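Here is a short briefing on the structure below. Please keep the model open while reading.

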2 protein chains.
Amino acid sequence: MADLAKIAGVSAITVSRALRESPLVNAETRERVRAVAQEYGYAFNVSARNLRLRRSMTVAVVVEMKPTLERQMSGPYPLDLLGGITQELTTTGYSVLLTSLQGGALPNVQAADGVILLGQGANEDAMHAVQRWGRPMVVWGAVSRHESQVVVGSDNRRGGSLAADRFIALGRSRPVFLGDPAHGEFAERLEGFASTLRKYGIEPIVPAVEGFTVNAGAEVVHALLQKHPQVDALFAASDLLAIGAIRALIERGRRVPDDVSVIGYDDTPLGATYVPPLSSVHQNFVDAGVLLARKIRELIDGQATASETLPTHLVVRAT
Amino acid sequence: MADLAKIAGVSAITVSRALRESPLVNAETRERVRAVAQEYGYAFNVSARNLRLRRSMTVAVVVEMKPTLERQMSGPYPLDLLGGITQELTTTGYSVLLTSLQGGALPNVQAADGVILLGQGANEDAMHAVQRWGRPMVVWGAVSRHESQVVVGSDNRRGGSLAADRFIALGRSRPVFLGDPAHGEFAERLEGFASTLRKYGIEPIVPAVEGFTVNAGAEVVHALLQKHPQVDALFAASDLLAIGAIRALIERGRRVPDDVSVIGYDDTPLGATYVPPLSSVHQNFVDAGVLLARKIRELIDGQATASETLPTHLVVRAT
DNA sequence: TTGAAAGCGCTAACAG
DNA sequence: CTGTTAGCGCTTTCAA
């Protein structure tokens with residue numbers, strides 16, 4: 001910068017001001033400085049600037065990852081979420097620092113101006129860890145679970161409710177909910193589902209489910225059909241579970257949707273291309289990402305923000 | 001740090017050394033300093049350190065994203081790639097800066113010690129842009145295309161070759177390749193496919209294909225069957241295309257695999273759960289991510305590295 | 001409208 | 001083994 005100043009015949013501080021578009025600098029001077037900067041391919045030293053300004057212009061995104069990105073964080077959703085976050089953050093000058101919290105946080109992560117937590121599912125360790133180092137934080141997930149946090153989630157209760165309404169409209173009377181309520185978002189889906197059914201005097205069957213995989217879904221449904229052969233509707237907390245369930249239903253001689261209606265969750269490409277194409281509750285992950293990004297920015301800027309819930313709708317396909 | 005030094009009764013530089021586990025400092029002193037640091041929740045100022053050390057301990061990962069993360073970068077692969085990269089980089093002290101190059105690079109991105117380029121497919125603008133600012137760079141994709149670059153890719157030629165071998169073993173004689181060769185990796189798959197078939201005196205049919213979607217696959221195959229009704233094998237450059245193709249085949253009264261064998265690419269969950277379960281060429285994206293990360297580290301450390309190709313294998317399922 | 005001085009927090013180099 | 005000195009590149013006072 002000093003070199004550049006010499007070349008342009010001004011002082012370093014003027015270079016700084018010119019390149020930052022400060023109104024304090026003469027338009028003509030500014031242009032001259034910028035031309036020289038351009039010519040010499042000069043770029044700010046970010047570390048120096050951040051040191052001086054006491055911020056990093058960085059937001060850490062913490063994703064839960066075991067060796068690879070597993071759990072409900074597999075599939076395309078987190079990518080959409082990440083896409084939304086990245087889009088919104090980079091267009092406002094922030095960088096996105098992608099990280100797990102495996103083996104303690106890196107210095108860079110701790111230096112982030114804010115933190116977005118994704119896919120913390122049932123486990124809340126990461127949340128507490130981040131909270132401890134006192135950075136602004138926003139969480140993706142089930143809103144009600146963490147009342148003191150700013151949480152963005154989609155309207156899981158309404159998602160469950162929509163599934164229930166659909167089953168009622170179809171005249172179904174022996175519905176099942178598939179999903180582990182230990183997972184906050186799943187619990188909310190069940191709540192919405194059950195409370196709507198209850199208005200019609202129906203109580204859903206809720207077998208114990210562990211995991212999020214196709215096989216988990218298939219196994220549970222196999223066992224379930226022994227005990228409750230008269231099941232005629234099935235709402236799964238994820239498309240993967242729903243697909244497993246359909247497989248088991250067919251293997252047990254049930255027709256879908258003639259004998260049993262099935263609704264999944266997340267409206268994944270996998271579900272949409274499945275045969276039969278899966279009906280599913282849709283949530284817009286890109287929008288969610290954008291919203292998460294906005295809220296963390298607000299928090300960083302010292303503004304107050306509240307939790308927020310995104311709309312959800314049912315995509316009816318063949319099942 | 002100065003405060004901490006005072007409290008611990010040493011100088012700032014000793015605090016610095018103690019916290020960095022420098023062997024220059026007495027074990028006992030180190031423990032005392034660390035205890036005090038722990039107690040006061042002290043953490044390094046990363047900007048100051050980076051300024052002093054003239055590096056950022058950051059690697060930028062550039063993903064091609066239109067508003068959302070599209071193209072072949074949709075689906076679960078890039079997440080696995082990202083997972084591998086993040087895992088390897090964070091365990092070696094580097095942070096991962098996720099970014100597109102939409103609207104010019106942010107200062108933070110330019111300050112990265114190295115850059116990994118993902119999903120640059122047919123378009124090489126990003127590559128040239130990054131090249132211009134002279135940072136170490138590693139690219140994911142088709143190796144042969146960019147001879148001056150360090151590229152990590154999976155063995156696309158062998159992938160194509162495996163599909164061809166399989167068709168030959170099944171006695172097929174009228175194979176089709178589905179995929180746009182403008183995309184470097186697809187071109188390599190076609191090369192391997194065609195060259196192996198040629199050994200048996202067979203020339204594949206290669207219809208023009210645009211896009212990567214299920215619908216694109218379906219449309220092309222519908223048109224194709226008019227001109228070439230005797231097609232008996234189909235190798236698609238992606239699982240999505242393969243699924244579209246199967247749909248079209250069935251709609252045209254062909255049985256899969258009895259009348260037409262189909263092989264996809266990427267071995268996605270979508271393909272694996274499809275009915276019928278799709279045979280597909282598998283590549284390990286997590287390993288690829290790890291390798292990309294290792295190579296960028298080597299480059300940052302000033303070591304020489306070469307392009308590398310990862311193994312690939314055929315997963316035979318029902319089609 | 002421009003500039004000089006000072007310092008953000010850290011660590012390499014050089015004593016001791 | 002520990003400390004002193006100096007300076008990384010930037011921007012916020014304060015002064016001209």
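In this predicted model, a backbone N or O atom of B:Asn26 lies 2.8 Å from a phosphate oxygen of DNA strand D.

**DNA strand D**

- Around DNA strand D there are 24 residues, and those that come nearest are A:Met1, A:Ser16, A:Tyr42, A:Arg52 and B:Thr29.
- A:Tyr42 places a polar side-chain atom 2.3 Å from a phosphate oxygen of DNA strand D.
- A:Asn45 uses its backbone: a polar atom there is 3.0 Å from a phosphate oxygen of DNA strand D.
- Which elements supply at least two residues each of the surface near DNA strand D? They are helix 2 and helix 4 of chain A, together with helix 2 and helix 4 of chain B.
- Helix 4 of chain A gives the most to this surface, with five residues.
- By class, the surface near DNA strand D has 12 nonpolar, six polar and six charged residues.

**DNA strand C**

- DNA strand C has 24 residues around it, of which A:Thr14, B:Met1, B:Ser16, B:Tyr42 and B:Arg52 come nearest.
- Sugar or phosphate makes up 71% of the atoms of DNA strand C within 4 Å of the protein, and the rest belong to bases.
- The side chain of A:Thr14 has an N or O atom 2.5 Å from a phosphate oxygen of DNA strand C.
- In the side chain of B:Arg49, an N or O atom is 2.9 Å from a phosphate oxygen of DNA strand C.
- A base is also contacted: a base nitrogen of DNA strand C is 3.4 Å from a polar backbone atom of B:Ala48.
- Helix 2 (12–19) and helix 4 (46–53) of chain A, and helix 2 (12–19) and helix 4 (46–53) of chain B, are the elements that give two or more residues to the surface near DNA strand C.
- The largest share, five residues, comes from helix 4 of chain B.
- The classes here are 12 nonpolar, six polar and six charged residues.

**Domains of chain A**

- UniProt, in an unreviewed entry, places the feature "domain: HTH lacI-type" at residues 1–53 of chain A.
- That span is 70% helix and 0% strand, and its end C-alpha atoms lie 17 Å apart.
- The domain assignment of chain A gives domain 1 (2–44), domain 2 (58–154 + 284–311) and domain 3 (156–282).
- Between domain 1 and domain 3 of chain A, the C-alpha centres lie 63 Å apart.

**Helix 11 of chain A**

- Helix 11 covers residues 239–251 of chain A, and its 13 residues should span 18 Å at 1.5 Å a residue.
- A:Gly253 follows helix 11 of chain A and has a positive phi, near 85°.

**B:Ser279**

- B:Ser279 lies in strand 9 (residues 279–282) of chain B.
- Is B:Ser279 buried or exposed? B:Ser279 counts as buried because its relative accessibility is 2%, and the cut-off for buried is under 20%.
- B:Ser279 and B:Leu51 are 228 residues apart along the chain, and their C-alpha atoms are separated by 52 Å.

How values were computed: Residues numbered from 1 in each chain as written. Chains lettered and ligands numbered in written order. Predicted model: local features only at pLDDT ≥ 70, side-chain atom pairs only at ≥ 80, totals over all residues. Heavy atoms only, no water. Near = heavy atom within 4 Å. Polar contact = N/O pair within 3.5 Å; in protein donor to acceptor, adjacent residues only side chain to side chain. Helix = DSSP H or I, 4+ residues; strand = E, 2+ residues; numbered from the N terminus. Nonpolar A, V, L, I, M, F, W, Y, C, P; charged D, E, K, R; others polar. Expected span 1.5 Å × (residues − 1). UniProt positions renumbered as here; feature names shortened; annotations may be inferred. Domains from an automatic or database assignment. Buried < 20%, exposed > 50% of the residue type's maximum accessible area, 1.4 Å probe, protein only.
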